[in-house]
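Here is a protein to read through its definitions. Look it over, then follow the questions.

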Amino acid sequence: DPDELAQRGFAVDRPAAIYADTVFPTLLLPVADAGRVDEFLRALSRNETVGVREVDGRTLSIWRPAGGGAFVAYAIADGWLRVQWGWANVEAAEVWLRRTLRTTRAPAQALARALAARGDEGFGSFDPEAFEDAARPVLELLGVRDDEACSAWREKSRGWLRSVTFRVRLVPKGIDVIADLRLSPGAQRRLALHVGPAPDGRFVQVAERAPARASLSLDLDWLAEASRPLRGARCGVFWRLVRELSPWDLGDPVRQVAQTRFFSSYHVALLGLAPTPTAIAWLSMAKTGPLALLLGTFGSALARQTRRVNGHAVSRMSLGDYGFPVDVDVTVEGDRLLAGVGSGAMERLLSASPSQASAAQVAVGGLPLVAVDLYPTRAPELADSLARWRVDRGLVWLTWLATGVRWLGLAARLSPEGIRVTAGFELR
């Protein structure tokens, strides 16, 4: 509560910050009244044993739980409450305080200026390799060491991920988060080789107003194979976090059904649910899945009759034999397949005017690796379906999604220097 923080002496009109020039982070909290902050800290630690010492005219307090190796050091200086978590060597706290007094005044002022200039409520940066190098001695002290597989992976991947920066911005009734993963030029080129094309302007035009849309351009088979050396390896903190995502279990969705990777990118949009589901898809053919092989696999599903839609021959596929009780209208344009489900879906897609919307979208936001956008208010029947699904499965959070959210989105896009991840929501 900002009012409560202000009463305790903190400056709620200035930003807070966290940074680390070693493995242990330093937290900076802005102080308006040092006396009240000190009084609050004394009350907070009334029943604890806190060591106090003078360091260059500043009071350094060190709290260490009984029997534990960790400690928390803190001091009020130059308008900031400076806090650091440390391990084992309490004497290092004095070194930390002297260092932070020398180095943080300028970064803290730069932080305040940057936040004011950008209009962001928060931003930060992270150097994974520097963090791993700093963390390794501490982890070894705790008995956590890289095994042979992880050491090989670390050596192979060194330099791939240069830095991670992020920023958070509050918008009316919502939050926007942007994270940029800066890759090495070599890693960027390798990644780009496994990303399929974006849809053209016709799909973008129709999908722009859709209640739900999703894109997948990243080759999941390649991602699974590339990450397989991490499986079972005991790696450092950062790669352990990556490993929690289990990327080696991913795979191309069509290949898992048809045993062949036919498409290099998938772009789908749900246009409505009432009276029947209506959706469109823009699929780019993969080199490993030529059209002839696709038709040979699903040829029996194609109806003999076709119809003409805006100069295109549209055939109907019945996918009941493949576990999907739905009829799909399809047409082929060179190396891409356009599909629609429901009355009028193909007419809307093929009648849209081709434009440069796709190229402009890629130039501004980057080629989508994966993206999902939900707009429950655009289709009341979608909100009703989410609410019913919540009742059937006991998922309480779907009530919030169905009744309280205007937009919810998550995307990872290929940017000029790496990967940009965006996420956010807007309430009704």
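This is a predicted model, in which local features need pLDDT of at least 70, side-chain atom pairs count only at pLDDT 80 or more, and totals for chains, interfaces and linings use all residues. Residues are numbered from 1 along each chain as its sequence is written, and side-chain values use heavy atoms, with hydrogens and water left out.

Q: What makes up the secondary structure of the protein?
A: It comes to 16 helices and 19 strands. Both are DSSP runs, numbered from the N terminus: helices are H or I with at least four residues, strands are E with at least two.

Q: Why is F10 called buried?
A: Buried means under 20% relative accessible area, exposed means over 50%, and partly exposed lies in between (1.4 Å probe, protein chains only). F10 has 11%, so F10 is buried. Buried residues make up 40% of the 428 residues in the protein.

Q: Why are F10 and F40 called an edge-to-face pair?
A: Rings of Phe, Tyr and Trp (its six-membered ring) pair if their centres lie within 6.5 Å; planes under 30 degrees apart count as stacked, over 60 as edge-to-face and the rest as tilted. The centres of F10 and F40 are 6.3 Å apart, with 80° between the planes.

Q: What does the pair of F10 and F40 tie together?
A: F10 lies in the loop between α1 (2–7) and β1 (17–19), and F40 in helix α2 (residues 34–44), so the pair ties together parts that are 30 residues apart in sequence.

Q: Why is the pair of F263 and Y266 edge-to-face?
A: The ring centres are 5.7 Å apart and the planes stand at 70°, so the pair is edge-to-face. F263 and Y266 are both buried. Ring pairs link F262, F263 and Y266 into a cluster.

Q: How do you know that the charged end of R14 sits over the ring of W80?
A: The rule asks for NZ of Lys or CZ of Arg within 6 Å of the ring centre and within 35 degrees of the ring normal. The charged end of R14 is 4.7 Å from the centre of the W80 ring. R378 lies over the face of Y375, at 3.6 Å from the ring centre.

Q: What makes β2 and β6 paired strands?
A: Two strands pair if DSSP finds at least two bridges between them. Five bridges join β2 (residues 26–30) to β6 (residues 80–87), and the two run antiparallel. P30 stands opposite W80 in β6.
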